[in-house]
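Dear colleague,

Please read them with the sequence and the structure open beside you.

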Amino acid sequence: MDPVVSIRPLLAIAVAGLAALAVLLLNKRKRLRDLVSPLAAIAMFAIVLSMAPTVLAGGTVELRLFEFLPGIDFAFRVDALGMVFATVSSLLWIVAAIYSIGYMRHLNEHAQTRFFACFASSLAAAAGGAFAANLFTLVIFYEVLSLVTYPLVYHHEDEKGWGGGRKYLVYLMGASKSALLAALALTYHIAGSLDFVAGGLLAGSDASAALLTVVYFCYLFGFAKAAVMPMHAWLPAAMVAPTPVSALLHAVAVVKMGVFCVLRVVFHVFGTGLLGGLSLGIATAYLASFTILMASIYALTRDDLKARLAYSTVSQLSYIVLGAVLLSPVAMVGGIIHIAAHAFSKITLFFCAGSIYCASGKRNISDMAGIGRRLPWTMGAFFIASLSMIGIPPTAGFVSKWYLAEGAVAAGETTFLVVILVSSVLNAAYFLPVSYTAFFQAERQESRTTVREIPLVTIPLVATAILSVLMGIFPGYFLTLADGVIR
């Protein structure tokens with residue numbers, strides 16, 4: 001099928017970018033300012049969905065803007081992998097925008113105009129990365145995303161905020177300025193291009209195995225947003241940000257941009273054949289497995305709910321990487337659809353953490369005894385999202401983990417099947433006690449203050465919990481896109 005030339009990829013990015021500008025211009029008209037993000041999110045999602053029929057049919061939507069250097073264009077191409085990321089991020093921006101309004105208003109947070117402007121800008125950068133036609137365009141939006149989310153991390157402007165922000169920039173910008181820049185330069189030297197190519201841009205090159213190995217690991221660690229250990233410490237440190245930002249970082253834009261970039265490298269820069277020939281797939285699988293298990297153990301030790309969720313994210317991201325590098329078609333499908341499964345479930349969990357804090361001021365799990373009786377919708381949604389993270393049917397997490405487990409068997413790598421099963425047990429060990437504490441432990445006398453659900457906060461988290469179940473029952477859209485990636 002011939003590519004469809006269209007301005008729609010640029011329009012999707014422009015909607016979010018213009019929303020950020022509108023928020024700044026409406027600084028003194030707060031009601032109108034707060035309406036901008038939900039309306040822009042709906043418009044962006046509609047534009048993304050308008051391209052879905054072409055992509056589901058096996059086609060692409062393309063737009064070339066200008067040539068930067070010979071063989072390097074600033075260009076967009078909407079394909080199956082990009083559509084997975086764009087669908088998830090644009091859909092969840094709608095509920096995140098509504099949730100953020102309720103959260104920021106209830107706590108009377110300062111600098112709300114800056115917050116909403118940076119929030120919209122981050123979605124523009126995420127869309128740009130999703131639709132990038134080559135490494136050059138992808139890295140530009142990757143860097144923009146780091147910069148526009150930095151003010152969100154230091155939002156509270158206290159000692160912890162500035163400290164978390166510094167670590168955020170050091171890891172994300174430092175890695176890209178060193179390892180990632182080197183990888184881009186070497187790729188261009190070897191291939192004379194930075195375009196994404198089905199089967200791999202570097203497949204068939206005459207470069208040495210040692211050089212290709214160096215390039216690969218420069219990409220793996222340069223895209224530090226993927227949080228593969230040891231490039232993970234920025235993520236728990238960023239928990240100093242407001243909870244809507246944590247949801248953005250951990251479910252929608254930032255970490256998903258990281259693993260999305262890694263998948264681009266696996267599928268469209270190196271290709272599965274070259275990775276298998278260099279034994280880089282199996283090496284990365286062991287590294288991802290280490291991250292999955294160690295981050296889960298760290299999560300077990302954290303009493304602060306957001307910190308526990310942060311280490312859970314580090315672990316869950318590496319499921320996506322593991323699925324891709326196992327190099328069996330079934331495992332690759334599992335890794336790709338886990339982008340969506342994790343997004344729907346993890347944003348629910350962070351929304352719930354924010355709802356608990358808004359309603360009660362509580363952060364630590366040990367202080368949440370009996371809170372489920374006062375916040376039944378919040379804690380019910382938390383329980384459903386926890387089941388998805390563990391991989392219990394009929395939730396989205398079950399579908400992706402099933403494909404990952406089946407893919408590990410198909411690849412003849414039962415070691416990684418054990419990793420998936422053990423990590424699911426660890427997931428249960430650090431998620432289920434939260435629900436048990438909330439619903440079955442007796443509420444402390446000193447905790448019996450006025451605690452109630454906040455509608456503008458609760459409705460979005462119930463919606464995302466429902467999405468976690470709906471994807472588990474009707475995974476066809478994302479499965480079709482995943483098949484299109486590996487076809």
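Arg264 counts as buried, since its relative accessibility is 1%, and please keep in mind throughout that the model is a predicted one. The side chain of Arg264 meets that of Asp79 in a salt bridge, with 2.8 Å from N to O. Because Arg264 belongs to helix α10 (residues 254-270), while Asp79 sits in the loop between β3 (72-78) and α3, this pair ties together parts of the chain that lie 185 residues apart in sequence. Asp79 counts as buried too, at 9% relative accessibility, because the cut-off for that word is a relative accessible area under 20%.

In total, the structure holds 4 salt bridges. Another of them is formed by Arg105 and Asp34, whose closest N and O atoms are 3.1 Å apart. This pair also links distant parts of the chain, with Arg105 in helix α3 (residues 80-106) and Asp34 in helix α2 (residues 30-56), 71 residues apart. Through salt bridges that share partners, Arg33, Asp34 and Arg105 are joined into one network.

There is also a salt bridge between the side chains of Asp73 and Arg64, at 3.1 Å from N to O, in which Asp73 is buried, with a relative accessible area of 16%.

Definitions and conventions. Residues are numbered from 1 along each chain as its sequence is written. This is a predicted model: local features need pLDDT of at least 70, side-chain atom pairs count only at pLDDT 80 or more; totals for chains, interfaces and linings use all residues. Side-chain values use heavy atoms; hydrogens and water are left out. Helices (H or I, at least four residues) and strands (E, at least two) are DSSP runs, numbered from the N terminus. Buried means under 20% relative accessible area, exposed over 50%, partly exposed in between (1.4 Å probe, protein chains only).
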